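Good morning, and thank you for the time. I would like to take you through one protein model, from its outline to a few individual residues. Please keep the structure in view as I speak.

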Amino acid sequence: MSIDRCDFEWPIAITAGGLKEALRLAETSAPAVWCGADAISDADYALLKGKSLSRFSYELGARDPEVLEEALDTIDQHHPNEVVWVEGTPTRA
């Protein structure tokens, strides 16, 4: 599912697809995108150096609540009181 506009300030992308979408939206709406180490390879991250992308040194793909809380705390340290969007997944029935 694609979204057409971005109502967030600091997105956290968890998957490669979410990162692609967040970077597309960040071109016009968000100041920067944050992602887990598992959302982009070291080589691809190096190619985006200088772009508005920050990569955590740890993976977010497991969506462990404690790991996500750590990521949110890190963003809050750098950008206090900002709105953060976290990529979600469809709920399982």
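This is a predicted model: local features need pLDDT of at least 70, side-chain atom pairs count only at pLDDT 80 or more; totals for chains, interfaces and linings use all residues.

Let me begin with R63, which counts as partly exposed because its relative accessibility is 25%; partly exposed lies between buried, under 20% relative accessible area, and exposed, over 50%, with a 1.4 Å probe and protein chains only. R63 sits in the loop between β3 and α3. Its phi is near 55 degrees, a positive value in a residue other than glycine.

Residues are numbered from 1 along each chain as its sequence is written, and side-chain values use heavy atoms, with hydrogens and water left out.

A second residue of this kind is N81, which is not a glycine and yet has a positive phi of about 65 degrees. N81 lies in the loop between α3 and β4 (84-86). At 76% relative accessibility, N81 is exposed.

Now to the overall layout. The protein chain has 3 helices and 4 strands, where helices (H or I, at least four residues) and strands (E, at least two) are DSSP runs numbered from the N terminus. Along the sequence they follow the pattern β-α-β-α-β-α-β. Of the 93 residues in the chain, 31% are buried. The accessible surface comes to about 6200 Å², and carbon and sulfur atoms hold 50% of that surface; these areas come from the Shrake-Rupley method with a 1.4 Å probe, and for residues only the protein chains shown count as cover. Among contacts with a separation of 6 or more, 38% join residues 24 or more positions apart, a contact being heavy atoms within 4.5 Å.

How many salt bridges does the rule give? The count is 2, with a salt bridge defined as a side-chain nitrogen of Lys or Arg within 4 Å of a carboxyl oxygen of Asp or Glu. In general, side chains of opposite charge can pair when their charged atoms come close.

One of these bridges joins R24 to E21, with the closest N and O atoms 2.8 Å apart. Both residues belong to helix α1 (residues 16-26), where they are 3 residues apart, about one turn of the helix. R24 is partly exposed, with a relative accessible area of 36%.

R55 and D42 also meet in a salt bridge, at 2.6 Å from N to O. R55 lies in strand β3 (residues 53-55) and D42 in helix α2 (residues 42-47), so the pair ties together parts that are 13 residues apart in sequence. Is D42 buried or exposed? D42 is exposed, at 56% relative accessibility, whereas R55 is partly exposed at 24%.

Helix α2 also holds Y45, which is partly exposed with a relative accessible area of 28%. Leaving aside residues up to four places away in sequence, Y45 touches I40, L53, S54 and R55. The C-alpha atoms of Y45 and R55 are separated by 7.9 Å, and the two residues are 10 apart along the chain.

D76 is partly exposed, at 39% relative accessible area.
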